[in-house]
Amino acid sequence: MATPGIPQIDIAPFLAGDPAGRRRVARRWAEAFETVGFATITGHGIPDHLPDALHAMAGRFFDLPAAVKQRCTLPGEARSQGYVGVAVEALANTVGDGGAPAPPDLCETITFQHCDWERRGIANAFDRSVFVPNIWPDAPAGFRALVETYFDRVYDLAQSLMRLGALALELPEDHFAPFYDRMSTQLRLTNYPDQAAAPLPGQLRSGAHTDYLGFTILRQDGAPGGLQVRLPDGGWTDVAPVPGAFVINAGDLLSRWTNGRWKSNLHRVVNPPRHLGSSARRISIVFFTGPNHDSLIECLPTCRSADNPPRYPAVRAWEHFMEKVRASMATGAS
């Protein structure tokens with residue numbers, strides 16, 4: 001069942017190459033990202049068994065003792081990579097107004113960056129300067145192989161979404177290809193555990209925030225205490241999971257690139273009702289994408305005019321990303 005205010009788009013006609021279908025999907029894509037900045041997609045071609053298997057594998061990892069999970073924590077500067085424990089991040093601080101810091105988020109994560117670079121090598125000097133190898137868990141058995149299989153399928157989907165996005169912006173279909181030939185990628189598994197103790201005032205599973213870079217590709221489950229999106233009227237709507245679908249949203253750099261034409265919208269993950277006790281665990285599979293780290297993001301030609309000049313200065317993708325990551329770390333931990 002589709003969520004009111006969140007368009008549901010079957011992208012199969014675009015992927016199949018049907019000219020009329022491609023134009024129709026592109027029009028719906030433009031409408032979705034010019035209004036709410038979110039869409040639920042079907043017809044993407046990724047079989048259900050793959051995210052289902054990764055969801056189950058993630059659950060087994062997060063059930064491991066804390067000391068075992070901590071072996072996957074990267075030392076040094078916060079990078080939003082590796083294992084991050086409960087109440088370390090506070091994503092609401094990335095859109096803060098300079099007031100009191102937000103309480104930390106009630107979730108734990110493990111994030112794998114650039115699985116393709118790790119396997120295929122790095123040819124670009126800038127990429128080599130910022131790359132840090134992933135720390136792969138020893139358990140559960142088969143974790144890395146499954147992550148890499150999922151990564152490859154969703155990587156291809158992300159490239160298709162950028163071609164669709166170019167058409168929706170009245171650009172040549174391959175416009176973003178030079179910016180995405182070394183696409184920034186993060187595959188994040190997020191565990192929102194049961195809440196034995198009541199949250200602090202204002203504390204959520206994930207505080208209200210925008211994503212940092214390009215399209216986010218989310219596979220969510222149906223557990224209570226889930227994703228909400230800010231509507232144009234200022235209210236919030238639950239994003240109900242659609243079987244077999246992904247939720248897509250645009251990040252900050254896409255909004256800057258399009259001069260605000262596409263919305264990088266606030267979203268959050270709310271707490272489950274207190275009466276549910278120990279039956280509200282939630283696991284999400286999140287694939288973050290973005291342009292090459294050294295890309296200079298400037299207003300697109302179809303998104304500016306004499307009456308609508310560029311609103312934002314040019315920015316390097318990596319610099320923007322790291323500014324957001326540092327702001328997100330509630331305790332200063334990595």
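**Pairs, rings and a helix: the calls explained**

User: Which residue in β11 stands opposite V229?

Analyst: H267 stands opposite V229 in β11. This model is predicted, with residues numbered from 1 along each chain as its sequence is written, and local features need pLDDT of at least 70 while side-chain atom pairs need 80 or more. Totals for chains, interfaces and linings use all residues, and side-chain values use heavy atoms, without hydrogens or water.

User: What makes β8 and β11 a strand pair?

Analyst: The rule asks for at least two bridges found by DSSP. Three bridges join β8 (residues 227-230) to β11 (residues 267-269), so they pair. They run antiparallel. Strands here are DSSP runs of E, at least two residues, and helices are runs of H or I, at least four, numbered from the N terminus.

User: What joins β8 to β9?

Analyst: Three bridges again, antiparallel, with β9 at residues 236-238. Q228 stands opposite D238. The hairpin has five residues between the strands, and G234 takes a positive phi near 95 degrees.

User: Why is the pair of F61 and F143 called tilted?

Analyst: Rings of Phe, Tyr and Trp (its six-membered ring) pair with centres within 6.5 Å; planes under 30 degrees apart are stacked, over 60 edge-to-face, the rest tilted. F61 and F143 lie 5.7 Å centre to centre, with 55 degrees between the planes. That angle falls in neither outer class, so the pair is tilted. F61 lies in α3 (residues 49-62) and F143 in α7 (residues 143-168), so the pair ties together parts 82 residues apart in sequence.

User: What makes R268 count as sitting over the ring of W236?

Analyst: CZ of Arg or NZ of Lys must be within 6 Å of the ring centre and within 35 degrees of the ring normal. The charged end of R268 is 3.9 Å from the centre and sits over the ring. R219 likewise lies over the face of F246, at 5.2 Å.

User: What span does α7 reach against the expected one?

Analyst: The expected span is 1.5 Å times one less than the number of residues. With 26 residues, α7 reaches 37 Å from first to last C-alpha, close to the expected 38 Å. E170 follows α7 with a positive phi, near 60 degrees.
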